[in-house]
Amino acid sequence: MDLDGLFAYDSVALNAQGDGVVIVDQTLLPWEERFLTLRDEYEVYEAIARLRVRGAPAIGIAAAYGLYVALRRVLERDGQGTGPDVDAEFRRIRDYLCSARPTAVNLSAALDRMTDCYMSVAGLGISGILSALRTEADAVKNDDMAMCRSIAEYGAGLITRPDMGILTHCNAGHYAVSRYGTALAPIYLAHSRGLAPRVYADETRPLLQGARITVLELMKAGVDVTLQCDSMAGSLMASGKVDMVLAGCDRVAANGDTANKIGTSVLAVLASYYGIPFYILGPTSSIDPSVPDGTGIPVEQRSPDEVTDLYFERRMAPAGVKVYNPAFDVTPAALISGIVTERGIFRPPFDFSNLKPDIQ
């Protein structure tokens, strides 16, 4: 089965005119599939910060296209292709977009690629600059798709028999990347090969990405999926229904400590207790060798109303209560059975110094 046949559209794309970034507004899922066209850096920033586009790879792609689209407006407005003003605008837009969310390294990595590209063509004039930046943004997206296909193959090798039970958290599927997914991609591939994995999806409080998005896309693909509250994971594991945990990642430190959606580390602790393999899946672009361990990964603190008000008809907590709302937590490397990338599966002790995996 061709994985492309599972998806009706890419989660991030450049429009046909080349002047807008098209996304599906994920804050409206599963009730509505509304497509937005983002035409400047402010709309792209808002979409990233408000989670209209989410998932580390998808954020990077949106930022790359967003930088191209925003600079195109500047160049076409000013009618010039070189000079300090254009350089200043490029760096202003890049830095602004890079500040939209602090944890996912893919955001800065994609913008670094665009910066390197810009610096190499800054003297070519308007058409040369725009052509090169568009090509580079396309390459960011195409590289993501190729990486996800490879992750699917390596990850599917872990699904060794029919009817395996797989627990996942948040959404690391089609909506979190440009196409296919990371943690969900092996499930799609195994499903297409007739292995019929059973998936258990955490609802993923407080933003409910598992309930709203993961369940939606798995059901669309015909995968057997069961929704549960996050706090039910221990009971589910104790029942013997879970054979492995597959989760995505937003940033991986040099020692293998991994930041992912809040609640992931709880699953890792439970999986260790019950002797269940716990795997992280993501592209090598999510590995940040500049951060020695998880203590150096910045963790975004989000608005209290996501916990107290969002998705409730009425506020569900007393007014004035203090709220702790980190977007991510860090899973220690010691709890991770393997990190599945497009280059293979890295096993403990993790060594990313040359990005060559321990096994292929």
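Reply: Start with L218, which sits in helix α7, residues 209-220. Helices here are DSSP runs of H or I with at least four residues, strands are runs of E with at least two, and both are numbered from the N terminus. The model is predicted: local features need pLDDT of at least 70, side-chain atom pairs count only at pLDDT 80 or more, and totals for chains, interfaces and linings use all residues. Residues are numbered from 1 along each chain as its sequence is written, and side-chain values use heavy atoms, with hydrogens and water left out.

Is L218 buried or exposed? L218 counts as buried, because its relative accessibility is 0%. Buried means under 20% relative accessible area, exposed means over 50%, and partly exposed lies in between (1.4 Å probe, protein chains only).

Which residues does L218 touch? Leave aside neighbours within four places in sequence, and L218 is in contact with L184, I187, Y188, V199, V223 and V225. Contact means heavy atoms within 4.5 Å. Take I187, one of these partners. I187 and L218 are 31 residues apart along the chain, yet 9.1 Å separates their C-alpha atoms.

Ring pairs link Y188, F7 and Y180 into a cluster. Rings of Phe, Tyr and Trp (its six-membered ring) pair if their centres lie within 6.5 Å; planes under 30 degrees apart count as stacked, over 60 as edge-to-face, and the rest as tilted.

The whole structure holds 11 aromatic pairs. In one of them, F7 and Y180 have ring centres 6.2 Å apart and planes at 65°, so this pair is edge-to-face. F7 lies in the segment before β1 (12-14), and Y180 lies in the loop between β4 (165-168) and α6 (185-192), so the pair ties together parts 173 residues apart in sequence. Both F7 and Y180 are buried.

Now take Y273 and Y274. Their pair is edge-to-face, with 4.9 Å from centre to centre and 90° between the planes. Y273 counts as exposed, because its relative accessibility is 67%. Y274 is partly exposed, at 34% relative accessible area.

One more ring is worth a look. The charged end of K261 sits over the ring of F328, 4.6 Å from its centre. A charge sits over a ring if NZ of Lys or CZ of Arg is within 6 Å of the ring centre and within 35 degrees of the ring normal.
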